Amino acid sequence: MPASKQTLSCHIRGEKVGQIAIISRLNFTVFSEAVTKCCYSQNEYKVAFVGGTDNFGFPTIMDIYVLMLTPEDRKKENRTIKNVFISKFPGLAELEKYATKVSDLELMGKIRIVRTFHHNIPMCLSKISAKCVSDLRQADIIFSTAHKAKGLEFSTVQVTDDFINASSQSARIDLRSLRNPACIPADEANLLYVAVTRAKNALVLSPMLVKVLQNNGEKFEYPVSSDHLQNIGDPFKCRETDAEFKPQALTLRRQDITVGEADHRKGGVYGPQILSENIHRFAELLGDPNLKPKTSVVGNGVNDIVHPRILYDQNGGDSDEEDSDEEDLPYPF
């Protein structure tokens, strides 16, 4: 459906509302997601591609697959190349060399699909096509690139992790590359913006999106009415120290979030004492007024504010966990 010009305002904690659109940067990732949902899932989804499967390039992918086959295998499978241009190449290696030389990214993406899924290509194309519907409104899941999704909107959007990448043919991103937002190319940031703002009701977070949000100041921590927390049965036990505390009018709470399909990251509340002791950014508002911040002696004995222990943990765990393979990004409070 056509999108209205608006800022993102939807659920971002793992909820899925109605129809789901999986939006990717690369055609390769779009196809990979379709294979996962249509060929290796027990669910009988109705799916659709923005622009249709022909526009996506299903016939071209099949022709590239046939080009990969030996003459004997083509005869055995009774397959011929229908695309006149592709039929002029003696083999896949020559087509790939041409695509690389002229920097035909779209063709290179289709070649990558064929090389990755290899002899499963006919099965994948057949199973995906069997579950496809032409009317986007009838689909349970919609597949699209961000470019093709421009001007559309969907109830729930799931953005894949192949955005903001210097390598146009890489389907995965090194999350460490997101540590400095200024290093993200403007066109890549705009493309990601297009993808996430297609969501009307819910946005499924990915590791890449979590990093981007954190780098822009989002810590998923908000002051909440203590009466509300009491009414819904949330215990006033600090997530950092596990100590119970007497709440003030407002309590700082980190939201529970779900990243991807099943990465559930537990939130919780912070006690006033830990906020004050560790110079949290909400210490003056929500901290214990009877406590002074911790200080440390630096240089010539001048008291300097220590960095807070409650640094925002990227992986949603406790701050004293062992360092993960992906180093956390620094967040001063």
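1. Basis. In this predicted model, local features need pLDDT of at least 70 and side-chain atom pairs count only at pLDDT 80 or more, whereas totals for chains, interfaces and linings use all residues. Residues are numbered from 1 along each chain as its sequence is written, and side-chain values use heavy atoms, with hydrogens and water left out. Helices (H or I, at least four residues) and strands (E, at least two) are DSSP runs, numbered from the N terminus.

2. Strand β1. Buried here means under 20% relative accessible area, with exposed over 50% and partly exposed in between (1.4 Å probe, protein chains only). In a regular strand the side chains alternate between the two faces of the sheet. In β1, I20, I22 and S24 lie on one side and A21 and I23 on the other, and both faces are covered.

3. Neighbours of β1. Two strands count as paired if DSSP finds at least two bridges between them. β1 runs parallel to β3 (residues 141-145), joined by 5 bridges, and I22 stands opposite F143 of β3. β1 also runs parallel to β4 (residues 154-159), with 4 bridges; here I20 stands opposite T156.

4. The open sheet. Three strands in the order β6-β7-β10 form an open sheet with antiparallel pairing. β6 (221-225) and β10 (268-270) are the edge strands, each pairing on one side only. From one strand to the next the twist averages 45°, where axes are lines fitted to C-alpha atoms (for helices over the stretch in contact) and angles run from 0 to 180 degrees between N-to-C directions. Strand β7 (residues 250-254) is joined to β10 by 3 bridges, and R253 has V269 of β10 as its bridge partner.

5. Helix α3. Of the 11 residues in α3 (residues 58-68), 9 are buried, and the helix is mostly covered. The buried residues include F58 and the run I61, M62, D63, I64, Y65, V66, L67 and M68.

6. Surface patch. F85, Y98 and V102 form a nonpolar patch on the surface, with about 240 Å² of accessible area together. Patch residues have over 30% relative accessible area and no salt bridge; like charges are joined within 9 Å and nonpolar side chains (Val, Leu, Ile, Met, Phe, Trp, Tyr) within 5 Å. A salt bridge is a side-chain nitrogen of Lys or Arg within 4 Å of a carboxyl oxygen of Asp or Glu. Accessible areas come from the Shrake-Rupley method with a 1.4 Å probe; for residues, only the protein chains shown count as cover. F85 belongs to helix α5 (residues 84-87) and is partly exposed, at a relative accessible area of 38%.
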